Amino acid sequence: MDAAARTKKLETERGQTLPEEMIEDILSRLPVRSLRRFRCVSRTPVETIMDNWRLPQGDIFPITKSCHGLVLVRCLDYDLHYVWNPSGNELLALPDRTPARVAWRGRRTHLVYGMGHCSTTKQYKAVRMYDFEHDDGLRDTMCEVYTLDESTHWRPAATRPHACQPLRVNGRQGGVLCNGNLHFLHKHGLDLPSVFNINAETFSTMVLPPELGSYSPDFMLTELDGCLCVYHTKPRDHPKFAEPYHIWLLRDYEAGKWEKLRCIDWGSMEESESKPLKSSWIAPLDMHYEYDDSARKKKKKKKIMFGTGACKVFVVDPDTGVPEVLFSPEKTIIGDCGSWDSEFPAIGLFEERLASAGRSSEEIIFSSPSAQALAEVLTYLLARTVGRLNQVCKGWRAMIKADCFVSAHLHHANHDRLPHIMFTDGLPYGFKALEDVIGTSDTPPVIDEGSRVVCSKPCYGLNAGSFGKYDFVCNPLTKYYRAIPPEDNINGENVTCTSSTSFLYNDTKRMHLDYSGADGPFAGRVGLGYAPNIGMHVLVRLVYKEKNDPATRDYKLECKIQLVERHDWVEIDPPPRPVADVPPVYSSGKLYWMVDPEFGPRSSAYCELG
């Protein structure tokens with residue numbers, strides 16, 4: 001065979017490929033992480049492998065166990081919930097932190113989330129329950145469902161929950177999936193849990209172990225060895241923490257028969273042995289098996305695996321109740337964590353699967369040509385008009401709240417337009433546009449003589465300000481506003497409103513240091529910014545706790561921040577310089593305050609808070 005023939009034969013052999021069926025069979029036997037690396041070679045044989053998504057910053061922890069490869073996680077800092085596949089590193093943010101019926105009425109509620117897999121439709125469903133109080137004082141427990149890769153918004157479940165006591169919301173655990181049902185506890189521990197069937201979306205109740213009376217409400221639910229499990233959750237400083245640790249397994253789900261297991265006998269352990277394992281969070285993770293042979297075919301003993309808030313893992317033989325540590329950060333590259341401990345889940349197990357969390361609600365909404373056309377029309381309407389259309393239906397609400405729509409509307413609605421000139425009498429719902437006054441006999445709202453209103457420039461559609469004894473954040477065009485009471489009003493609550501009839505004027509006096517003098521409020525006390533990485537507005541409040549004689553230049557400044565949609569203040573380090581009686585300015589992700597030259601060290605004329 002000459003050289004040309006050998007070369008042609010070699011090129012032919014190199015061009016041959018395996019049948020696609022054989023490639024798929026080979027790939028199906030590989031770990032998910034290996035498949036993700038193969039995307040660098042070719043996307044065709046591994047097109048089902050997910051893109052690389054990063055978890056958001058902040059305190060992230062799982063609130064459910066793995067459901068066919070997907071885990072529901074919560075971001076504590078922003079109160080956001082995500083569906084996450086740890087294997088494929090795919091992340092999907094669940095929409096609407098606040099239910100529509102709650103947001104429209106200006107109320108606030110706490111939600112409990114859960115997730116399950118529908119065996120009939122082969123779809124994943126995120127479920128959330130919350131208590132809703134009507135205007136007449138009556139209360140209902142609501143349930144909403146979000147079907148992954150199908151829903152654009154939360155919808156009501158097929159049936160409503162039974163009349164029951166308020167839900168138990170602790171923020172560190174969601175509904176527990178077992179036997180095709182999600183289980184939710186209620187505030188009064190021994191009340192019958194609500195059981196939600198994922199397939200039929202129907203509700204029922206179940207009976208808890210009678211011995212739980214002495215543990216109520218210090219217990220929680222989980223799934224263990226395919227059974228529903230009850231375990232107690234006394235904190236490490238509880239006087240009864242040292243008592244024997246028990247769990248209950250629902251061995252017969254239909255008959256409601258529970259089996260009690262004594263897992264940890266703290267009393268039989270030395271202090272040096274028990275102290276490293278005691279934690280503010282201890283929970284069963286899974287069953288751990290030991291084997292008689294090296295082939296791992298003959299099971300020898302079944303033990304219970306636990307995780308702690310200090311990221312330690314240990315197993316317990318129910319017969320002896322003595323823990324055996326399997327994993328500890330001190331023995332890894334992490335090193336000694338000292339006394340660090342968390343009350344939230346710090347460790348968990350996951351399934352290695354190529355399960356997809358599906359498309360985001362935005363991708364589903366704008367996949368329709370008709371939706372794209374509607375969104376294009378709405379982007380040219382005034383904000384006040386779009387605000388009213390927000391209440392047409394949940395589909396329109398989901399479209400209008402989509403980040404891509406908000407950005408498009410911001411561009412089109414304000415393109416080549418002059419800023420709106422607004423009149424106000426100081427009340428956040430009292431803004432009136434100049435064009436609504438011209439040519440009419442209406443008198444524009446104005447402030448009283450001697451009063452002072454502080455109002456920021458627009459920041460992505462919202463304004464913040466101060467008037468009299470309160471601060472506020474508002475959208476002058478849509479008439480949305482939220483009054484923010486003084487911090488010295490301990491029992492005060494934020495009031496979210498859409499009309500003047502529901503505004504509550506807080507008559508509590510502020511500290512005198514929160515005023516600039518007779519003219520009114522201290523102008524630099526409230527700033528409004530925008531965090532583009534999370535798509536949320538941020539309020540910053542500064543308060544002088546001490547302001548001594550200018551001769552000493554001593555002062556004490558307190559700084560707190562709040563996400564506008566969350567209402568919870570978090571204290572952070574104050575600016576390095578005293579701030580002057582001038583409103584702050586937001587620009588390029590930062591807030592800038594003028595410096596008060598009468599106090600603190602002499603420096604530049606401004607200070608910034610990023």
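How many bridges join β1 to strand β2 (residues 71-75)? Select both strands to find out. 3 bridges join them, and the two run antiparallel. Strands here are DSSP runs (E, at least two residues), numbered from the N terminus.

Before going on, note that this is a predicted model, where local features need pLDDT of at least 70, side-chain atom pairs count only at pLDDT 80 or more, and totals for chains, interfaces and linings use all residues. Residues are numbered from 1 along each chain as its sequence is written, and side-chain values use heavy atoms, with hydrogens and water left out.

**Stop 1: the sheet from β1 to β4**

Stay with β1. I60 stands opposite C75 in β2. The 4 strands form an open sheet in the order β1-β2-β3-β4, with antiparallel pairing. Two strands pair if DSSP finds at least two bridges between them. The edge strands are β1 (60-62) and β4, each pairing on one side only. Neighbouring strands are turned by 30° against each other on average, direction ignored. For such angles, axes are lines fitted to C-alpha atoms, and angles run from 0 to 180 degrees between N-to-C directions.

**Stop 2: S87**

Select S87. It lies in the loop between β3 (80-85) and β4 (90-93). Is S87 buried or exposed? S87 counts as buried, at 3% relative accessibility. Buried means under 20% relative accessible area, exposed over 50%, and partly exposed in between (1.4 Å probe, protein chains only). Next, show E351. The side chain of S87 reaches the backbone oxygen of E351 at 3.2 Å.

**Stop 3: the sheet from β9 to β12**

Move on to another open sheet. Its 4 strands follow the order β9-β10-β11-β12, and the pairing is antiparallel. The edge strands are β9 (176-178) and β12 (203-205), each pairing on one side only. The twist averages 30° from one strand to the next. Zoom in on strand β11 (residues 194-197): 3 bridges join it to β12, and the two run antiparallel. The bridge partner of F196 in β12 is F203.

**Stop 4: aromatic rings**

Keep F196 and F203 on screen and show their side chains. A search of the whole structure finds 7 aromatic pairs. F196 and F203 form a tilted one, 5.0 Å centre to centre with 55° between the planes. Rings of Phe, Tyr and Trp (its six-membered ring) pair if their centres lie within 6.5 Å; planes under 30 degrees apart count as stacked, over 60 as edge-to-face and the rest as tilted. Both F196 and F203 are buried.

Jump to Y544 and Y555. This pair is edge-to-face: 6.1 Å centre to centre, 75° between the planes. Y544 lies in strand β31 (residues 536-547) and Y555 in strand β32 (residues 555-563), so the pair ties together parts that are 11 residues apart in sequence. Y544 is buried, with a relative accessible area of 1%. Y555 counts as partly exposed, at 23% relative accessibility.

Now select Y113, Y146 and W154. Ring pairs link them into a cluster.

**Stop 5: V446**

Finish at V446, in the loop between β22 (432-433) and β23 (453-455). V446 counts as exposed, at 54% relative accessibility. Which residues does V446 touch, not counting residues up to four places away in sequence? Show T424 and D425: V446 touches both. Contact means heavy atoms within 4.5 Å. V446 and D425 are 21 residues apart along the chain, yet their C-alpha atoms are separated by 4.3 Å.

Technical notes: A polar contact is a pair of N or O atoms within 3.5 Å; within protein, one must be able to donate a hydrogen and the other to accept it, and residues adjacent in sequence count only if both atoms are side-chain atoms.
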